[in-house]
Amino acid sequence: MSTKARWDPLGAFEHPIGELQDWRYYIDMDGIAWAIFDRAGESANTLGRRPTEELALILANLDETAGTGRVKGLVIASAKPRSFISGADIREFDGYSSETAVAHEVSRATAELDRIERSRVPIVAAISGYCLGGGLELAMACQYRIADRAETTRLGLPEVKLGIFPGLNGTVRSIRLAGAPAAMEMMLTGRMLRPEAARAMGLVDQLVASPDRLRWAARKAILRGIRPRREKRLHALMRQSPIRGMLVKRMRAATAEKARKEHYPAPFALIDLFEQFGGDLTRMKAAETRAFAPLMVSPQARALRRVFRLSELLKEQAPKSAEPVRRVHVIGAGTMGADIAAHCVAQGLAVTLQDLSSDALEAARTRAYAHFAKRFRRSGERKAAESRLELDGAGNGVERADVVIEAIVERLEPKQQLFASLEPRMKPGAIMASNTSSLPIEKIAAGLVDPARLIGLHFFNPVPQLPLVEVVRSPLSRDVDIGRGCAFVTAIGKFPLVTKSTPGFLVNRVLAPYMLGAMQRFERGDERERIDEAARVFGMPMGPLELADQVGLDICMHVGEILGLETGGPESKAARLVAAGKLGKKTGEGFYVWKDGKPKKGKIDFETAELQVLGRELIAPLIDECEKCLEEGVVADGDMVDAGVVFGTGFAPFRGGPLHYRATGDWRHARIRSEAA
């Protein structure tokens, strides 16, 4: 960039302060400075070393010009359409080898945010798009924050999902602005906020209708004068003893219900920080860095950063040039079909849902409307979603659909007959997909005029919660059709994993020996609660027997048979349950009796060391099968194996994936200790 002054399209002069790669800096004719973040070569803005150094140059110039009275204020905005600042550049995180290095780098960044906070002229953050992590921490340092109401604008401090907590004094500033209860809940859960919710909390001062109004609102705010928001008296009271102690007790209990301290230390460290220093925010600012640094270099944080990178790899499988999807036709109004339809509608698509049973369609509508009620708070958004779902018993939506997904009974012949009837009715270029969980795609496609057109789109239950979809490639599949499938999966907010058409694909194949192995232990007399608790101690979201109940014991046994695994025969406990119609959660009883959507369990008071050993033994068959899948090329590489199992099964994210876990010293040393015992 030239250092000579030039005209900006908005009527401002670019200020010559040296070469800037990631920022544009202007001072307009009204004396308002504009710092526009546009990180070079990136689709989203993230704070890294170079952007922070360039921001320091801008702030130094602002101090200099403010002293002459030529500048009335500064607006910090983004040139990226969907990203104000999406957070810190986590690619740089692994470069920190010690707590000292982390503390040094953090101190440099916090010094710049302190300079923003102490500025002699007001600084306004004009927020459009994602304002997360370090981006929100920067915005909170400004004297005033304006956000647009765009659907793509979100604010939050999601650092706990990376094994850390806000480290640029965001803990202190969020507590000061929003109050301890709201700020701590936001940081402990990592949830993102819509602009309206952020405004209600006090994180945002003003809302505008659309991105094009941000700059004019920011200009007006500076010209009329801004007074930085002071901490409310109630907020200050809430962080003093004894109220702080009561809040801490409640936070610890709520956090312990969702995570174990040894697995996810960050939220517990944040609570400790608030408990010790929340009464004095000046001391808390200094203590934040001391508590943050060891978390950044912890093995849990390194593994969680790896999982984040794996999610980015999955998204990169979708070609950017794919045609957009607007209409989806789902055939089969059972649990999976209904949930797939509801999810697509919630993502803004128009969906026709087909089934032979009108009762099944009405039940699917009720299920979908309940999902919309949870997903959308505004009545207008709910009604719009409801209008996008059409019950279509006759299947008239096939001709108009960009994607047709089959989710009927898991038997080969009915699927073959269905697709033979669909093929001549579908428009050219539309995606033809089966949600089969185990049947080879090429067998389903046998008899089609163009069998290469059929792909698998295997969703997981429950569809709203599990983020992975297996995009199944048969030996006949074309790259363009697989690419379209990946693009569709990404468009509905999920991660595509391309797998080979082989029995069980990846996820069910690795889950089957894990669940059947647990069933065999139960058959031999091990307590079901002990088995499931051992898996949870390892880090799984639920135990294998509870998971089997969730999936359905009939499906588990069927998949086991397809994969040629030992299922225990007709006299096994699992087989007898299936024969009696006790299939798990969907029938109210399986290994457990289910009430109000939860399994009724007995005691879980077991020795931790014993559970740790058992947990590793339970998980070993899953990891063994992962290695076989890698050898057989079921997915592209080891990263894809780890990504698929983490996002498809919930495999302990803090361990970085099954293959990564086995490759680490943690696994090898655990095996040595187990064998020695």
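Q: Which residues are buried in H3?

A: Buried means under 20% relative accessible area, with exposed over 50% and partly exposed in between (1.4 Å probe, protein chains only). Helices (H or I, at least four residues) and strands (E, at least two) are DSSP runs, numbered from the N terminus. In H3, the buried residues are Gly134, Gly135, Leu136, Glu137, Leu138, Ala139, Met140 and Ala141. That is eight of the eight residues of the helix, so H3 is largely enclosed by the rest of the structure.

A: A word on the source: this is a predicted model, where local features need pLDDT of at least 70, side-chain atom pairs count only at pLDDT 80 or more, and totals for chains, interfaces and linings use all residues. Residues are numbered from 1 along each chain as its sequence is written, and side-chain values use heavy atoms, leaving out hydrogens and water.

Q: In what order do the four strands of the open sheet stand?

A: Strands of a sheet pair through backbone hydrogen bonds, either parallel or antiparallel. Two strands count as paired if DSSP finds at least two bridges between them. Here the order is S5-S7-S9-S10, with mixed pairing. S5 (83–85) and S10 (192–193) are at the edges with a single partner strand each, so one side of each has no neighbour in the sheet. S9 (residues 154–156) pairs with S10 in the antiparallel sense over two bridges.

Q: How many disulfides does the structure hold?

A: A disulfide is a covalent bond between the sulfur atoms of two cysteines; the cut-off used is a pair of cysteine sulfur atoms within 2.5 Å. The structure holds zero. For Cys344, the nearest cysteine sulfur is that of Cys486, 15 Å away.
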